[in-house]
Amino acid sequence: METVKTNATVDAKGLACPMPIVRTKKAINNLNPGEVLEVLATDKGSKADIQAWSKSSGNQYLGTIEEGDVLKHYIRKGGSGEEQEETKYPNVVSNDDVVKKLEANEDVVVLDVREPAEYAFGHIPNAVSIPFGDLENRLEELDKSKTILVVCRTGNRSDMASQTLAGKGFDKVWNVVPGMSEWNGPTETKVQ
């Protein structure tokens with residue numbers, strides 16, 4: 001197999017969301033348009049995160065090569081006119097407001113877009129688990145008529161997932177910020 005020529009490498013091995021994206025953003029700012037960045041990561045969720053971030057920021061996701069536990073992501077920096085300001089999903093709801101909605105038994109769907117292991121070790125009761133990387137292939141599992149509260153660990157993946165849902169015709173979508181990293185409402189686990 002041919003080696004991919006890169007202009008810079010970011011080591012995000014051992015780091016969880018949102019750190020691979022944070023390091024990627026910082027490194028891509030130092031590149032010239034058209035140059036290629038290699039991001040080394042071990043977080044399985046980083047593939048979907050980097051793909052979505054690349055798309056929303058006007059950079060080009062080239063692909064990912066898996067070598068053992070390491071994911072090597074390749075991103076080409078967008079040229080002038082290609083780059084765009086990274087978009088943020090406008091509808092945001094706080095953790096406290098989510099707790100109030102759940103306590104009032106409001107008819108809402110909590111969509112947890114973290115990886116299965118993250119979900120297993122602690123999630124909001126009755127939350128639907130669809131990892132961000134699987135979301136586009138599992139949209140039929142969600143009801144467009146319901147209010148959907150999207151949660152991840154920090155609000156980054158859930159922001160990108162909210163944008164994805166809105167782009168697919170879901171119009172009652174809210175990104176939960178700051179997400180499970182600061183969640184103090186009820187939780188349940190699926191670990192034996």
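**Salt bridges and cores in a predicted model**

User: Which residue forms a salt bridge with Arg-114?

Analyst: Here a salt bridge means a side-chain nitrogen of Lys or Arg within 4 Å of a carboxyl oxygen of Asp or Glu. For Arg-114, the closest N and O atoms are 2.8 Å apart, and the partner is Asp-112.

User: Before we go on, what sort of model is this?

Analyst: Residues are numbered from 1 along each chain as its sequence is written, and side-chain values use heavy atoms, with hydrogens and water left out. Local features need pLDDT of at least 70 and side-chain atom pairs count only at pLDDT 80 or more, while totals for chains, interfaces and linings use all residues, since this is a predicted model.

User: Is Arg-114 buried or exposed?

Analyst: Buried means under 20% relative accessible area, exposed over 50%, and partly exposed in between (1.4 Å probe, protein chains only). Asp-112 sits at 0% and counts as buried. Arg-114 has 5% relative accessibility, so Arg-114 counts as buried.

User: How many residues apart in sequence are the parts tied together by Glu-118 and Arg-157?

Analyst: Their side chains meet in a salt bridge at 2.9 Å, N to O. Helices here are DSSP runs (H or I, at least four residues), numbered from the N terminus. Glu-118 lies in α4 (residues 116-120) and Arg-157 in α5, so the parts tied together are 39 residues apart.

User: How many residues does the largest nonpolar core have?

Analyst: Such a core is a set of buried Ala, Val, Leu, Ile, Met, Phe, Trp, Tyr and Cys residues joined through side-chain atoms within 4.5 Å. Leu-111 and Ile-148 are among those with the most contacts inside the largest one, which has 30 residues.

Note on methods. Helices (H or I, at least four residues) and strands (E, at least two) are DSSP runs, numbered from the N terminus.
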